[in-house]
Amino acid sequence: MLYARGMATPIRPPAVAGTFYPGSKADLSALVDRLLLGAAPAPTRQVPKAIVVPHAGYIYSGAIAASAFKLFEPLRNTLKRIILLGPAHRVYLDGLASPGAAALSTPLGLVPVDSEMLSRIPEVAADPRAHAHEHSLEVEIPFLQRVAPYAKVVPLVVGHASPEAVGEVLERLWDGPDTRIVVSSDLSHYLPYDQARMTDARTARRICELGAHPIGPEEACGAGGINGLLWVARRRHLRGELIDLRTSGDTAGTRDEVVGYGAFAFYEDDKPLS
């Protein structure tokens with residue numbers, strides 16, 4: 001952790017700048033803007049309450065992630081809070097953990113952590129170690145700095161936790177129209193291209209149908225966050241939609257062993273934009 005000048009609370013610095021995404025402000029800004037510009041125009045009728053986005057290096061999954069983040073753009077000036085969930089890749093973790101930081105840093109600047117919202121979930125402890133080298137949340141932050149520039153973030157890594165446990169946390173953080181949810185997850189890993197496409201298509205159908213049978217870790221590395229979101233989505237009668245579905249073999253990799261990437265949106269109902 002780093003400490004900002006004049007502050008007594010730590011800032012979580014970037015761990016994968018220069019590897020998963022550009023390390024310079026100018027290059028990162030240009031790339032994120034280009035990815036969002038290349039995504040389909042955001043609809044003006046409705047903005048999703050929640051999205052699921054991939055978290056690989058931008059060369060592989062950035063365009064897929066941008067297709068879902070683009071949907072938040074109509075509310076860019078009014079969003080106050082983003083609940084961000086992603087898997088703990090590097091540290092074994094029971095339950096969920098916050099970073100124990102006042103802000104998250106990327107080459108684009110600082111994003112404040114919403115400590116007031118974290119106080120609603122006192123059972124979720126701070127674990128800086130689980131966040132220190134974790135990329136699943138970090139790679140989503142530059143997109144949020146563009147589509148929700150005035151929002152605070154509630155960053156939570158998800159370890160071993162039931163759908164109900166994750167879902168109950170989301171319920172307490174759900175809040176009103178100025179709060180949205182981002183779940184970070186890739187899909188299948190290191191399957192041959194055709195097999196991955198079939199596997200990911202089945203997983204995508206289950207996600208969009210809000211299936212009650214949990215998604216497994218072999219189907220999505222962020223299954224914990226997805227299953228928690230689906231648990232809430234069934235209770236709240238959300239509508240799921242597939243935005244994009246590709247693999248690393250479609251973007252920047254070979255097709256002998258690929259990683260799957262999906263972008264999904266979840267809508268509360270068909271009310272006007274809010």
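Are Arg81 and Asp114 buried or exposed? I started my notebook with that. Arg81 is buried, and so is Asp114. Buried means under 20% relative accessible area, exposed means over 50%, and partly exposed is in between, using a 1.4 Å probe and protein chains only.

**Entry 1: ground rules**

I noted that this is a predicted model, where local features need pLDDT of at least 70, side-chain atom pairs count only at pLDDT 80 or more, and totals for chains, interfaces and linings use all residues. Residues are numbered from 1 along each chain as its sequence is written, and side-chain values use heavy atoms, with hydrogens and water left out.

**Entry 2: salt bridges**

Side chains of opposite charge can pair when their charged atoms come close. The cut-off I used for a salt bridge is a side-chain nitrogen of Lys or Arg within 4 Å of a carboxyl oxygen of Asp or Glu. By this rule I counted 16 salt bridges.

I went back to Arg81 and Asp114. Their side chains form a salt bridge at 2.7 Å, N to O. Arg81 is in strand E4 (residues 81-87), and Asp114 is in the loop between E7 and helix H3 (115-118). The two are 33 residues apart, and the pair links distant parts of the chain. Helices (H or I, at least four residues) and strands (E, at least two) are DSSP runs, numbered from the N terminus. I also found Arg81 and Asp114 in a salt-bridge network with Lys80, Glu116, Arg120, Asp175 and Asp178.

Next I looked up Arg197. Arg197 forms a salt bridge with Asp250, with the closest N and O atoms 3.7 Å apart. Arg197 lies in helix H8 (residues 193-208) and Asp250 in helix H10 (residues 248-251), so the pair ties together parts that are 53 residues apart in sequence. Arg197 is partly exposed at 36% relative accessible area. Asp250 is partly exposed too, at 26%.

Then I checked Arg246 and Asp244. Their salt bridge has its closest N and O atoms 2.8 Å apart. Why does Asp244 count as buried? Its relative accessible area is 14%. Arg246 is partly exposed at 26%.

**Entry 3: aromatic rings**

Rings of Phe, Tyr and Trp (its six-membered ring) pair if their centres lie within 6.5 Å; planes under 30 degrees apart count as stacked, over 60 as edge-to-face and the rest as tilted. I found three aromatic pairs. Tyr58 and Phe143 have ring centres 5.1 Å apart and planes at 45 degrees, so this pair is tilted. Tyr58 sits in helix H2 (residues 58-69) and Phe143 in helix H6 (residues 141-147), 85 residues apart. Phe69 and Phe143 are stacked, at 5.0 Å centre to centre and 5 degrees between the planes. Phe69 is also in helix H2, 74 residues from Phe143. Ring pairs link Tyr21, Tyr58, Phe69 and Phe143 into a cluster.

**Entry 4: the core**

A nonpolar core is a set of buried Ala, Val, Leu, Ile, Met, Phe, Trp, Tyr and Cys residues joined through side-chain atoms within 4.5 Å. The largest one has 83 residues. Tyr58, Phe69 and Phe143 are among those with the most contacts inside it. Contact means heavy atoms within 4.5 Å. I listed some residues that Phe69 touches, including Leu36, Ile51, Val53 and Val182; residues up to four places away in sequence are not counted.

**Entry 5: a hairpin**

Two strands pair if DSSP finds at least two bridges between them. Strands E6 (residues 103-106) and E7 (residues 109-112) pair in the antiparallel sense over four bridges. A hairpin joins E6 to E7 through two residues. Ala103 stands opposite Pro112 in E7.
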